[in-house]
Amino acid sequence: METPDPGPLDTRRALPQLDRLLADPAVTALFALYGREQVKVQARRILEDLRERLAAAPAGGAPGAGGAAGASGAPVVGPSPGAGGADGDERATGAGGDRRPSLAEELASLPRRLAAELQAALGGELRRVLNATGVFVHTNLGRAPLPRAVAASLPPLLDAYCDLELDLATGRRGQRNGRIERLLTEATGAEAALAVNNNAAALLLCLAALAKDREVVVSRGELVEIGGSFRIPEILTAAGARLVEVGTTNRTRLADYETAAGPATALLLKVFPSNFRLSGFVAAVTPGELLELGRRLGVPVLVDEGSGLLRRRAAPQLAGHPSLAELMELGCDLACGSGDKLLGGPQAGLLIGRRDLLARCRRHPLYRALRPDRTVLAALERVLRLHLAGVPLPLDRLWPDPAAHRARLERAAAALATLVSAGGSGPAGPPGPDGPDLVDIVVAEAFLGGGSAPEAPIPGEALALPGGDELLALLRRGEPPVVGYLRHGRLLLDLRTVAPEDDEELVGAVGRALAASGALAAAGQLAPRRDA
């Protein structure tokens, strides 16, 4: 917003009218995020604050600045929240040496200050982030990303109507869970299946429908907290079931379950631990052993698999984790898992097992409260179809071909060196051969995340650059935001959790952040180094 630099007298006349400020394109863009009325209210407050500070300032001076003025004679004003400066503007300093913005700077920064204060009050919009942490199921970043093909297929189903509960062939009402059930039973061998909002909801629904006012037997070593302070005992209480703990924290035997089971027992529950592993002097009952006991006692067994591993994977990190399909093959009565972890879909709870038990869950009033909407069902359906078709999914990028991954890292390192040697602003010629290296390729570990295989790292390689907390923060605040991690005083970027199509965006964002951080001045000429 262009404004004249006023003289030292009657500076309030330089303030823009409210309508003029609202017409600034940078301000108009905020209407879509916060609404015109909210922007107008906040803009009026900012202008009133600036008017009051100008009125309180001595002629030609600034509050707290000892009556100082800018070198051009333009008045300076006291600091305002969210105000930024502009290169080349005159500045004055207070008694403590702090720089104070001139009125011209204050006026130029009004749109930025308005955006910052609206974001502080109402929050910013959800933004797309490049995850270079090497943690695939990153809960803070939305867990598993949807496959690009799935995400691209959703808008036509969301901006119009769809046949969610309509049989187009007969014109009669259909079942919203029907498609998901058929796909899940085909993929796992289960008799029936349900989808709900998340895995905790699947567990809650099972317990409420099958164990209300009855007992559920579970090992003390599996009374876990599953994130967000939700604990297994509390879920049982909420469902109206009575918890019967067996064994000890580190050792539970099959005889412990058998001794505890009685006429009031509704379920035997096995929960796979999340985010931790017990080691040393430990003992636990396998799903197969518990299922054999359940058949002998006539008590259904519910296995909370947790991670949503649909079918067995050859990866050694998942060697000890049974898939939903393997649990059904063992004869498991019920099993539940997450849709947005290893399955690679939207947030959902997958509940599979015996037809008679699933029918009771479907009839329970909680099912209607916990069932997912069409957005989730549409995404889940398409992800399940990719699993059935054997199409590679984003999860598979954690185990790339080593030679192909090395070549990808080398391309990214060379592109980054080229970009940053041009000042971080755009393409340039190849970097010169002289000077210290900036980009290394180093050994790094990736993780499944989301509580899956927490102590089973996936070996590989990543990019390493000089930088600390400042660079990390610059990357988070960039466009697009990039999240990496620090190790031994260096920034690591693991491309196994970045889609290859996003490499160019990532290189550009990192180059701009490096240029802004001043790391280039210390690093000198750039050229990628490829350490083993």
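**Sheet, cores and cysteines of a predicted model**

Asp-494 lies in the loop that connects strand E16 (490-493) to helix H20 (503-517); helices (H or I, at least four residues) and strands (E, at least two) are DSSP runs numbered from the N terminus. The model is predicted, so local features need pLDDT of at least 70 and side-chain atom pairs count only at pLDDT 80 or more, while totals for chains, interfaces and linings use all residues. Residues are numbered from 1 along each chain as its sequence is written, and side-chain values use heavy atoms, with hydrogens and water left out.

Asp-494 has a relative accessible area of 0% and is buried (buried means under 20% relative accessible area, exposed over 50%, partly exposed in between, with a 1.4 Å probe and protein chains only). Apart from neighbours within four places in sequence, the contacts of Asp-494 include Asn-131, Thr-133, Glu-445 and Glu-461, where contact means heavy atoms within 4.5 Å.

E15 and E16 form a hairpin with two residues between them, and His-488 in the turn has a positive phi of about 55°.

An open sheet of seven strands has the order E5-E11-E10-E9-E8-E6-E7, with mixed pairing. E5 and strand E7 (242-246) stand at the edges with a single partner strand each, so one side of each has no neighbour in the sheet. Neighbouring strands of the sheet are turned by 20° against each other on average, direction ignored; axes are lines fitted to C-alpha atoms, for helices over the stretch in contact, and angles run from 0 to 180 degrees between N-to-C directions. Helix H15 packs on the sheet, touching E5, strand E10 (334-338) and E11, and the direction of H15 makes about 30° with that of E5. Within the sheet, strand E6 (residues 215-219) pairs with strand E8 (residues 265-271) in the parallel sense over four bridges, and Val-216 stands opposite Leu-267 of E8.

Helix H9 (residues 178-188) is largely enclosed by the rest of the structure, because eight of its 11 residues are buried. Among the elements covering the buried residues of H9 are strand E5 (192-196), helix H15 (355-363) and helix H17 (374-389). Just after H9, Gly-189 takes a positive phi of about 85°.

The largest nonpolar core has 42 residues, and Leu-184, Ile-352, Leu-380 and Leu-384 have the most contacts inside it. Such a core is a set of buried Ala, Val, Leu, Ile, Met, Phe, Trp, Tyr and Cys residues joined through side-chain atoms within 4.5 Å. H17 supplies the largest share of this core, eight residues. A second, separate core of 35 residues includes Ala-201, Ala-208, Ile-232 and Leu-236.

The count of disulfides (a pair of cysteine sulfur atoms within 2.5 Å) is zero. For Cys-336, the nearest cysteine sulfur is that of Cys-206, 6.1 Å away. The sulfur of Cys-361 is 4.2 Å from that of Cys-206, its closest cysteine sulfur, which is too far for a bond. Cys-336 is buried at 0% relative accessibility, and Cys-361 is buried at 0% as well.

Technical notes. Pairing = 2+ DSSP bridges.
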